[in-house]
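Please examine the sequence and the structure shown below. The report that follows treats a surface patch, a sheet and several salt bridges.

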Amino acid sequence: MNRRKLSLFVVLSAGLILAFSLPALSDTPSAASPKQVAAPPAEFVTGKLNLPDPKQAGIRSQWAMLPVELQPAADGSWTWTQAVPIDNAQDFALLVLSPDRLAWDVRVETPDRVELNLKDADRLAGIDHTVGQLGEGAAQYPGDVYTFSGYAPGEWTVRVSSATAPASKAGPSGYLLLADRQSPYRLFTHLSSYDLLAGREVGLVTAIYHDQAASEDSSPSALQDVKLDPELRVHFPNGEEFVTPMADDGKHADGKAGDGVYGGLVKVPVAGEYTAQVIVRGQTPQGQSFLRTSEHVFPVIDAGLTLQGVANVEVQGASTLRIPLVGKIAGKLPGQLLVAAEVWGRDAQGAAVPVAWISGMVTPQAAADGSVTLPLNLDAHWIALAKASAPFELRQVRVQDSDTHIPIARLEMTAMKISALPKAARSVVSGATQDMLMGAHPAATLTGIKASPSAYVGASTTSGSKLMLVHGYCSGGNPWPTADFTNYAVFVDANQNRSH
């Protein structure tokens, strides 16, 4: 097993105004526009379409993950030893995960100095041993799980030895996961923001909470009556490691000082994939020590964009408004970007009224002066439906990398300068149509289908073309019954995890 893949696998398993007068009406001929989507005000005024709070992607941990890094011993063997505090030993599990685990001799020493050789686990009282597969699908690895019951809490010692040298000394030989399942103390950790751009600081935030008082649907409350000594370890794409203590001082993305929430900051100099581990040693109010860790993988991209000024809106066709967002590039932009914004206008009384949320995959249009244009489209029927008038503005504008969804640029608000509105903006609209939501469909007919054409809506072919049968994201193969089709081609890219 590739040790880099093992490391990432364990990390993933243990656990994006200025006012103007009313524009005149225009009736310019239609122009082709890229595919974009929209949503009604009910979908965004509550914040549903905003970037999610990083807390919503937080990791709750009741375990400690220990990398096993074997070192040469005087007798020629390779060994590793670590003391681990267990605050409730009535029911805790030890998982051994390594490609070399069959060659390992794993022993644990209880707080009362009794050594247990886990090779004899099937004959030892209070230890249950199972061998299973950890993971899903093609990403499954064998592991030994030892469950302990009826033992005393305190400081346990874990020793691993091997008669042979590890196959690779570039990283850990494997991992041990200890889960103290009866302990109520849990670790909650999350990124402080999604601004994961090269050259900036990234923060991780952590706190200990009480499992019995926490809801799975909300961010758990931090306990302030436990003593904590948290540490952040970050592995850079080039293999370097950054280690820093975490602080509850209000200066490390941790919020209010002294509230039991700790933060750690790290400057991410280059683009790539970073792995991080938060290690928290603590002490309960009763004086019992414990250890918890959480593991994280996050990308950093080398891109940047500063959005500028007013959007000078253009009318295209009988119902389309082209809204060009202009910015200055800082870094390197991807070939495609996800752009989204809320459109607001004014009602008859002059109060702000939501019109629509618009979004699309946009190809940046670079200019010779170093600026870039990102065009969005608005169907003017949304203006008619909202009964909105000028001045119009964009709110919650965001530009994201299409692969990682990392925000590259954001604006709270920018004005829309419109010299003319299409007639559709003053038409009578009773509700959102499919064209308003998804854009106009191409005029084509369904061909190439022998049976159940209603089951394959959206397929269209013209002379000299084929019907493309495309499977889903991460699919194991082609799910389509090819006997139901003629003049088709099958797309197969099985068992992959690719950006759409």
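Met468, Val470 and Phe491 make a nonpolar surface patch of about 270 Å². A patch consists of residues with over 30% relative accessible area and no salt bridge, where like charges are joined within 9 Å and nonpolar side chains (Val, Leu, Ile, Met, Phe, Trp, Tyr) within 5 Å. Accessible areas come from the Shrake-Rupley method with a 1.4 Å probe, and for residues only the protein chains shown count as cover. Val470 lies in strand β31 (residues 467-470) and is partly exposed, with a relative accessible area of 40%. Here, buried means under 20% relative accessible area, exposed means over 50%, and partly exposed lies in between (1.4 Å probe, protein chains only).

The model is predicted: local features need pLDDT of at least 70 and side-chain atom pairs count only at pLDDT 80 or more, while totals for chains, interfaces and linings use all residues. Residues are numbered from 1 along each chain as its sequence is written, and side-chain values use heavy atoms, with hydrogens and water left out.

Five strands form an open sheet in the order β5-β6-β12-β8-β9, with antiparallel pairing. β5 (71-72) and β9 (115-117) stand at the edges with a single partner strand each, so one side of each has no neighbour in the sheet. Strands (E, at least two residues) and helices (H or I, at least four) are DSSP runs numbered from the N terminus, and two strands pair if DSSP finds at least two bridges between them. β5 is joined by two bridges to β6 (residues 78-86), and the two run antiparallel. Gln71 stands opposite Thr79 in β6.

The whole structure holds 17 salt bridges. In a salt bridge, a side-chain nitrogen of Lys or Arg is within 4 Å of a carboxyl oxygen of Asp or Glu. Three of these pairs are listed here.

| Salt bridge | N to O distance |
|---|---|
| Asp91 and Arg181 | 3.0 Å |
| Arg101 and Asp144 | 2.5 Å |
| Glu109 and Arg113 | 3.7 Å |

Asp91 in strand β7 (residues 91-97) and Arg181, in the loop between β13 (174-180) and β14 (185-191), are 90 residues apart. Asp91 is buried, with a relative accessible area of 19%, whereas Arg181 is partly exposed at 36%. Arg101 and Asp144 are both buried. Glu109 is buried at 14% relative accessible area, but Arg113 is exposed at 60%. A network of salt bridges links Asp105, Arg107, Glu109, Arg113, Glu115 and Arg159.
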